[in-house]
Every structure is written in C-alpha cells, then in structure tokens.
Amino acid sequence: RVLSCGLKDFCAHGGAEAAGTAGDKRVPKIASVVGILGHLASRHAGSIKQELLRMFHESLGSPREHHKATVPFLLQLALMSPALLAAVSPELVDSLKPPVLNQLHQHFSSVPRDELEGVVGVVVHLLCHTSTGALRTLRFLLATAAP
C-alpha cells in the first residue's frame, strides 16, 4: 500500500518527468515512502524486495499511464535509500534477461531524449554507488555489451 500510494503521488506531481533530478521538491510524499519502507524493512525486508521487483516487472508489460512512471519512481526510491538499492539490485540484475531488456527498450522508446538522458544519468549514478553485488553488476554489463 505504501508503494502504491507513493507511486500515485509521484505520478500526480509529474515525478516521471523529474526522474533525472535527484531530490526534486515536486514529489512531496516520496520522502515519507522512503522513511516508512526503511522502518518496515527491519521486519519485512523480503516482502518489500519482492514487491519492488514485482512492480518493476509488471510495469514493463503495461501500457497504463501510471506504469510508465514506475521505473522512474523506483529509481528515485533507490536514489533516496541506499538500503533499498542494496536490497534489490542483485535480484534485479539477475532478472535482466533478453526479454526483459527488450521490454525496457520498448518501455523507454517513446520517452523524450532529454528525459531519457536524465534516467540514464540516474542509473549510472546508482551503479557507481552500488557496493552490494557490484561484481555481478559489472559482469552483467560486460556480458550484455559484448555477448
């Protein structure tokens, strides 16, 4: 419920367009979402991780408007919470098989270039600040870039 409410608020405040700017003030509830998830993580880390991954995969196959904002929303959460990033990144990298990469490509094919560059900038920033699973991520990037 917390993630769903946060995503709805993110969409309502134009968060998908602001995804390239860390800490944008137009998304007022996202800090509360991060705080609540941080508090819940001590007892429900597995459920939170499972729900974050479910949201990611569900959003790729859906044309619904709020699903288009899910990936930028999840990126913003990861920017604001290194703990969420560390919890999800190993499983996320493992799930990025060719069909999922194709879905990501299709998902972002209609995004304007400046917004896409912002999203790519956020992804690069997160990759540079990921210590958990860094070797796995590097191997994935090398294997994907030069199979």
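**Group meeting talk: a helical chain and its core**

Hi everyone, let's begin with one histidine: setting aside residues up to four places away in sequence, H67 touches E58, S59, S62 and H107. Keep in mind that this is a predicted model. You'll find H67 in helix 3, which covers residues 65-68. Is H67 buried or exposed? Its relative accessibility is 6%, and anything under 20% is called buried, so H67 counts as buried.

Now let's zoom out to the whole chain. It has eight helices and zero strands, so to speak in pattern form, α-α-α-α-α-α-α-α. Of its 147 residues, 36% are buried. If we take contacts between residues at least 6 apart in sequence, 74% of them join residues at least 24 apart.

Next, the inside. In soluble globular proteins, nonpolar side chains tend to be buried together. Here, the largest nonpolar core has 32 residues, and the members touching the most other members are L3, L37, L52, F56, F73, L74 and L77. Which elements give two or more residues to this core? They are helix 1 (2-12), helix 2 (30-60), helix 4 (70-80), helix 5 (82-95), helix 6 (98-108) and helix 7 (113-128). Helix 2 gives the largest share, 10 residues.

Leaving out neighbours within four places in sequence, L77 is in contact with L3, I30, V33, V34, L37, L52 and L84.

Methods
Residues numbered from 1 in each chain as written. Predicted model: local features only at pLDDT ≥ 70, side-chain atom pairs only at ≥ 80, totals over all residues. Heavy atoms only, no water. Core = buried A, V, L, I, M, F, W, Y, C linked by side-chain atoms within 4.5 Å. Buried < 20%, exposed > 50% of the residue type's maximum accessible area, 1.4 Å probe, protein only. Helix = DSSP H or I, 4+ residues; strand = E, 2+ residues; numbered from the N terminus. Contact = heavy atoms within 4.5 Å.
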